[in-house]
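Let's take a walk through this protein together. Keep the sequence and the 3D view open while you read.

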Amino acid sequence: MQTKNFKIGQNFKELTEHRTTVLPIACYRTTIRQNLNGYIPMHWHEEFQFVVIMKGQAIFQIQDEKVKLDVGDGIFINSGCLHLAKDDNHSQCEYICLNVSPSFVLSQELFRTYVYPYIEATNLSYIILSARESWAKNILDAILEIDRLIDQSPALYEIDITMQLTHIWRSLVVSGFKLEYKEADMLKNHRMKQMLHWIHNHFAEKIILEDIARAGQLSRSECCRYFKRFLKKTPMNYLMEYRIQKSLILLQQPEYNITDVAYQIGFNSTSYFIGQFRKSMNMTPLAYKKQKKITYYT
């Protein structure tokens, strides 16, 4: 199943419905460049995420770090961690993504001992899964098996999926990854989410840097450092990119013209919106609107 319309809520939490079985998991295939934005924008979710690259190469950013993944590579992204994914070098990257609720990985009796410590660890935003490591290869193979089980739905496949999930988590635990807990890192992550939450609630309004900084209880300079660390861009550049992302959805609605869209996403000038859209998308809003109309009717 290809997911194209990637939905993110006002606090950056992913809202896209991926549920593919009666279980609290989702396993789906994504070609990165076929998504609405042309990439998977920064977001987070409560579920653990496991990824296996099936074609091409991808650049994942998790919190403030970037990693490159090739065919056969995988990655584990922890619950609550901000992350995005982009295609590397127009490789038409395709990957299998497995999202699973932390409470479903192991039984309730084992959750506190073997799962919760991983969620709380401040040094575990992600783990690269290399097939050269036996424990990681076990995880990659189990993800592929879950994908097969969901696709073919043989008898008792739900039970088989739960067995594979237990196998995945056991392999992660035996990897010997040392867990750390730093209150300062937890606070930084919380403040970053507060600022993103504020932007997503107020993006259509007139916003200045002080507004964003205040949302994170930071000075202007500290606010800029946070955005540079986590997103590799300034707060105002992020705001501009987010507004353009929101415009992509509105431009596909026939009832909205270019001026309507510009004012709904926080621009007080249509010409300025057109200029910023062209800079970001390498086409005008009108050209994008016509392109999507042709796509829908052909």
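How many bridges join β2 to strand β7? There are two, and the strands they link, β2 and β7 (residues 83–87), run antiparallel. You can find one such link yourself: pick Ile40, and its bridge partner in β7 is Ala85.

Before going further, keep in mind that you're looking at a predicted model. The chain averages a pLDDT of 90, and 91% of the residues score at least 70. Residues 1–19 are another story, with pLDDT under 50 throughout. For that stretch the model has 66 contacts beyond four places in sequence.

Now back to the strands. In general, strands of a sheet pair through backbone hydrogen bonds, either parallel or antiparallel. The pair we began with belongs to an open sheet of four strands, in the order β2-β7-β4-β5, and the pairing is antiparallel. β2 (40–43) and β5 (65–69) are at the edges with a single partner strand each, so one side of each has no neighbour in the sheet. From one strand to the next, the twist averages 20°.

There's also an open sheet of five strands, ordered β1-β8-β3-β6-β9 with antiparallel pairing. Here the edges are β1 (25–31) and β9 (126–129); each has a single partner strand, so one side of each is left without a neighbour in the sheet. Inside this sheet, look for β3 (residues 48–55) and β6 (residues 74–77), which run antiparallel and are joined by four bridges. One spot to check is Val52, whose bridge partner in β6 is Gly74. Helix α4 (residues 134–152) packs on this sheet, touching β1, β3, β6, β8 (94–100) and β9. The direction of α4 makes about 85° with that of β3.

Note on methods. Residues numbered from 1 in each chain as written. Predicted model: local features only at pLDDT ≥ 70, side-chain atom pairs only at ≥ 80, totals over all residues. Heavy atoms only, no water. pLDDT = per-residue confidence, 0-100. Contact = heavy atoms within 4.5 Å. Pairing = 2+ DSSP bridges. Axes fitted to C-alpha atoms, helices over the stretch in contact; angles between N-to-C directions.
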